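Open the model in your viewer and keep the selection panel at hand. Each stop below says what to select and what is there.

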Amino acid sequence: MRYLLYGILLIFAGLMLTCCEHRLESDGAFEVTVTLHGDSIHTDSVTLIMIDDDYDLKRVLGGARLQDSSFTFTGHTPVPRIAYLDFATDSLPFQFYFILEPGKISIDLQPGSWLITSTQSGNRLLQSFLNKYQHLERERKALWERYQQMGADSTLTWDQERAALRADSVLQDSIQRITIDRINQGDLVSRLVKQRLMHTLTRESLEQLK
């Protein structure tokens with residue numbers, strides 16, 4: 001009987017926690033936690049800046065100091081907005097863009113990579129696209145490294161060179177296609193992708209933009 005009571009209490013506590021999270025999200029409350037791993041960024045402070053679509057202005061939402069390798073921001077936003085983290089570093093400025101939306105957002109920055117997890121769909125869609133894009137880019141890099149190695153070893157044949165060029169062309173076409181498809185969806189994720197990857201598009205791909 002006692003174990004049954006404990007089980008009921010745990011279920012009730014879980015339901016209350018879920019209800020609280022949904023209520024906070026419906027009120028526009030957000031919590032952004034940024035965690036630095038390794039030597040991803042040498043900094044001890046960061047500023048959260050939101051881009052106001054209504055006036056095309058940047059709004060500073062606050063700053064945070066590094067505590068236990070992480071930063072935390074809380075606040076309210078009635079609708080999802082594009083935002084970025086402006087890190088204070090001794091070298092070049094470092095800015096990390098994401099979608100500021102109600103709910104909990106976790107951003108993990110590691111050397112050469114990042115991960116965004118969110119209770120809302122915007123950042124999940126952004127992370128999904130970036131995962132596909134990076135996978136194709138890694139395949140192109142690996143192909144180029146194999147090509148260079150065969151050239152250095154004097155084992156590169158004419159057939160191998162043509163095969164490598166065809167494979168690279170296919171990968172490049174895939175990268176262009178998924179980028180155009182993502183931009184043409186016209187949401188906040190599309191705006192971020194366009195801002196970040198517009199310069200990588202070929203003339204033919206640019207003509208496909210809506």
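**Stop 1: Gln160**

Select Gln160, which lies in helix 3. Helices here are DSSP runs of H or I with at least four residues, strands are runs of E with at least two, and both are numbered from the N terminus. The model is predicted: local features need pLDDT of at least 70, side-chain atom pairs count only at pLDDT 80 or more, and totals for chains, interfaces and linings use all residues. Residues are numbered from 1 along each chain as its sequence is written, and side-chain values use heavy atoms, with hydrogens and water left out.

Gln160 is partly exposed, at a relative accessible area of 33%. The scale is this: buried is under 20% relative accessible area, exposed is over 50%, and partly exposed is in between (1.4 Å probe, protein chains only). Now show its partners. Leaving aside neighbours within four places in sequence, Gln160 is in contact (heavy atoms within 4.5 Å) with Met150 and Thr155. Gln160 and Met150 are 10 residues apart along the chain, and their C-alpha atoms are separated by 9.2 Å.

**Stop 2: the whole chain**

Zoom out and colour by secondary structure. The chain has 5 helices and 8 strands. Their order along the sequence is α-β-β-β-β-β-β-β-β-α-α-α-α. Of the 210 residues, 34% count as buried. Among contacts with a separation of 6 or more, 58% come from residues 24 or more positions apart.

**Stop 3: two loops with positive phi**

Select Asp68, in the loop between strand 3 (57-65) and strand 4 (70-76). Asp68 is not a glycine, yet its phi is positive, about 55°. Its relative accessible area is 79%, so Asp68 counts as exposed.

Next, Ser154, in the loop between helix 2 and helix 3. Ser154 also has a positive phi, about 60°, without being a glycine. Ser154 is exposed as well, with a relative accessible area of 66%.

**Stop 4: Thr77**

Is Thr77, in the next loop on the tour, buried or exposed? Select Thr77 between strand 4 and strand 5. Thr77 is buried, with a relative accessible area of 1%. A polar atom of the Thr77 side chain lies 2.6 Å from the backbone oxygen of Val79. Beyond four places in sequence, Thr77 is in contact with Gly28, Phe30, Met50, Leu100, Glu101 and Pro102.

**Stop 5: the nonpolar core**

A nonpolar core is a set of buried Ala, Val, Leu, Ile, Met, Phe, Trp, Tyr and Cys residues joined through side-chain atoms within 4.5 Å. The largest one has 45 residues, and Leu85, Phe87, Phe98 and Ile107 have the most contacts inside it. Helix 2 gives the most to this core, with 7 residues.

Centre on Ile107. Not counting residues up to four places away, Ile107 touches Val32, Thr33, Val34, Thr35, Leu85, Phe96, Phe98, Leu115 and Ile116.

**Stop 6: helix 4**

Show the buried residues of helix 4: Leu188, Val189, Ser190, Leu192, Val193 and Leu197. They pack against strand 5 (81-87), strand 6, helix 2 and helix 3 (158-183). At the start of helix 4, a side-chain oxygen of Asp187 comes within 3.4 Å of the backbone nitrogen of Val189.

Stay on Val189. Val189 counts as buried because its relative accessibility is 2%. Beyond four places in sequence, Val189 touches Ile99, Gly122, Leu125, Leu126 and Arg182. Val189 and Leu126 are 63 residues apart in sequence, but 5.7 Å apart in space, C-alpha to C-alpha.

**Stop 7: the largest pocket**

What is the volume of the largest pocket? It is about 370 Å³. A pocket is an open set of points on a 1 Å grid over the protein atoms alone where a 1.4 Å probe fits, with protein on both sides within 12 Å along at least five of seven lines; lining residues have an atom within 4 Å of a point. Volume is the space filled by probe spheres set on the points, which are joined across faces, edges and corners.

Of the 17 lining residues, Gln95, Phe96, Tyr97, Trp114 and Arg196 are the closest to the centre. Strand 6 (94-100), strand 7 (103-110), strand 8 (113-118), helix 2 (121-152) and helix 4 (188-197) each supply at least two lining residues.

Finish at Gln127, in helix 2. Gln127 is buried, at 5% relative accessibility. Its contacts beyond four places in sequence are Trp114, Leu115 and Ile116.

Key
A polar contact is a pair of N or O atoms within 3.5 Å; within protein, one must be able to donate a hydrogen and the other to accept it, and residues adjacent in sequence count only if both atoms are side-chain atoms.
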